[in-house]
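I opened this entry to keep track of what I looked up in the structure. The notes follow the order in which I checked things.

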Amino acid sequence: ENDQEVFSLAQSYGILGKEKLADKELEAQNAQTVTLPDPYIYANKITSMVSGAGIRMHMPAGATNTQAAQMVENYAVWWWEEAGDRQMFAGATEPLRRMAHFATLRGWITALLLPNSQDDEFPYLLDIEDPLVVYPRFSRKGPIRVTRQYSITALEARHEFPDSAEFLEALQDDENVDVTAYYDAVYHMVLIGGRAYSDAKLRAVAARPVKHDVVDLKGNPVLPWVILVPMGDLTGPKSGGNVDTRLYGPGILYGMHEVYNHLCRLVSMELTQVAKAVDPPSIQFFRQGSPVPEPLKLEPGTRNFMFYMDSDVKFLDLAPNPGNLVPLRATLEDRLQLASAPKVFFGESGNIQSGYGVGLLTNAAMDVLRPYTGAVERAVKLLMRRMLEITYSVTSGTHGPMEITGRQGLMGRTMSGIQFDPSLIASTGVQMDVKMGEVTPQDKAAAANYGIGLVTTASCRS
């Protein structure tokens with residue numbers, strides 16, 4: 001445990017829908033509580049924009065290896081599409097969206113890529129893991145080792161670790177099993193143990209220390225993980241060993257947390273006042289010594305009778321002036337927009353009608369996305385590099401030439417049954433160019449009007 005690097009964000013910043021953000025005082029008063037869906041909407045929108053841009057891959061070619069570069073590029077494109085299909089078939093989402101999701105929400109990208117000799121068609125194991133369960137240790141040159149801790153059911157563990165069937169036999173199918181996996185540049189091992197067992201002796205070694213065989217083209221061992229932090233380390237100088245881990249790779253929601261809490265509380269207050277207007281609190285006066293009158297019935301159409309001349313009822317109007325709430329709510333909503341996703345991302349340009357004005361807003365809004373798009377782009381590039389290294393050093397010996405689907409000929413028609421020779425990687429290298437497509441919000445109306453205006457004023461010439 002001392003070797004684990006505590007870096008994950010507080011769950012209240014990263015996990016949505018599991019924390020009621022209403023004020024405790026309001027709850028004690030049986031007030032209405034509201035949790036707005038803004039964090040989910042913002043995170044999902046930005047994830048969709050980043051992943052929707054798509055990825056373009058290109059293997060640079062020299063004067064003598066043009067054909068080899070094209071074959072390696074075709075193999076990389078086939079591998080990426082096949083990896084996405086397998087991720088979707090396994091119940092997850094495509095790798096690009098999963099990386100964009102964790103980059104924006106968690107502020108980290110953690111991906112594991114290992115060779116898998118047991119799969120004849122796709123000898124790779126790709127896992128885009130939730131950063132909350134990945135604990136890396138860094139040096140100035142990069143990650144040194146990685147510990148991964150997560151929980152699965154006993155049924156899943158029996159399928160994933162068949163050598164530990166005897167240990168898992170006593171567990172129910174739905175009982176949780178703790179899994180701890182260790183990785184460095186050479187070795188990999190896995191420990192499993194049920195939550196119900198506190199005795200360390202009952203922990204089983206699911207995979208004994210083995211060499212994972214991941215090396216670069218020169219044969220040097222490398223860590224099979226790709227770990228990136230889009231926003232970097234913002235914790236500042238470390239003194240006394242105390243580090244604010246929330247600032248180590250903050251996600252897109254970090255800046256809006258406090259403003260979002262206050263906005264939810266303000267909306268809760270407004271809803272509470274509306275509820276009080278429907279069923280307002282009241283004070284009933286009656287003669288001392290007389291029986292306590294029945295509570296008033298305030299349903300539509302009901303009648304209440306007073307039996308004593310000195311009896312009275314007064315309703316309490318505790319609602320604030322609505323005009324006092326308008327500027328406060330407008331300020332909070334404005335701050336929330338600055339701290340999260342600008343409205344132009346949702347196709348809202350306010351009173352600006354010109355395409356030039358919308359373009360300025362879009363370019364300003366894109367500053368929010370650049371750290372995350374850049375990190376996803378580099379993560380895919382590093383995965384492609386690691387994949388080509390594994391293909392050249394491992395799968396070439398275990399599987400030989402791979403049969404893929406790719407484009408061939410002058411027409412670029414997709415062909416199946418193409419044989420890819422991993423030895424071609426030696427002539428091209430593993431430095432593949434990876435570029436993300438254009439990330440733009442779907443707001444075309446104002447830009448179209450601007451273009452029409454240019455045409456009609458003869459400012460645009462063909």
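I listed the buried residues of helix H5 in this predicted model. They are Pro95, Leu96, Met99, Ala100, Phe102, Ala103, Thr104 and Leu105. I then looked just past H5 and found glycine 107 with a positive phi of about 85 degrees.

Next I went to the largest nonpolar core, which holds 95 residues. Which of its residues touch the most other members? I noted Trp79, Met384 and Met387. I also checked where the core draws its residues from: helix H10, residues 355-398, gives the largest share, with 14.

Setting aside neighbours within four places in sequence, I found tryptophan 79 in contact with Leu113, Phe122, Tyr124, Leu126, Met384 and Met387.

I then turned to threonine 391, which sits in helix H10. Is threonine 391 buried or exposed? Its relative accessible area is 0%, and buried means under 20%, so I logged threonine 391 as buried.

What does the side chain of threonine 391 have at 2.8 Å from one of its polar atoms? I found the backbone oxygen of methionine 387 there. In an α-helix, residues three or four places apart point the same way, because there are 3.6 residues a turn.

Last, I listed what else threonine 391 touches. Again leaving out neighbours within four places in sequence, its contacts are Tyr75, Tyr124, Ser396, Phe420, Pro422 and Ile425. Tyr124 is on this list, and I had also noted Tyr124 for tryptophan 79.

Key:
Residues are numbered from 1 along each chain as its sequence is written. This is a predicted model: local features need pLDDT of at least 70, side-chain atom pairs count only at pLDDT 80 or more; totals for chains, interfaces and linings use all residues. Side-chain values use heavy atoms; hydrogens and water are left out. A nonpolar core is a set of buried Ala, Val, Leu, Ile, Met, Phe, Trp, Tyr and Cys residues joined through side-chain atoms within 4.5 Å. Buried means under 20% relative accessible area, exposed over 50%, partly exposed in between (1.4 Å probe, protein chains only). Helices (H or I, at least four residues) and strands (E, at least two) are DSSP runs, numbered from the N terminus. Contact means heavy atoms within 4.5 Å. A polar contact is a pair of N or O atoms within 3.5 Å; within protein, one must be able to donate a hydrogen and the other to accept it, and residues adjacent in sequence count only if both atoms are side-chain atoms.
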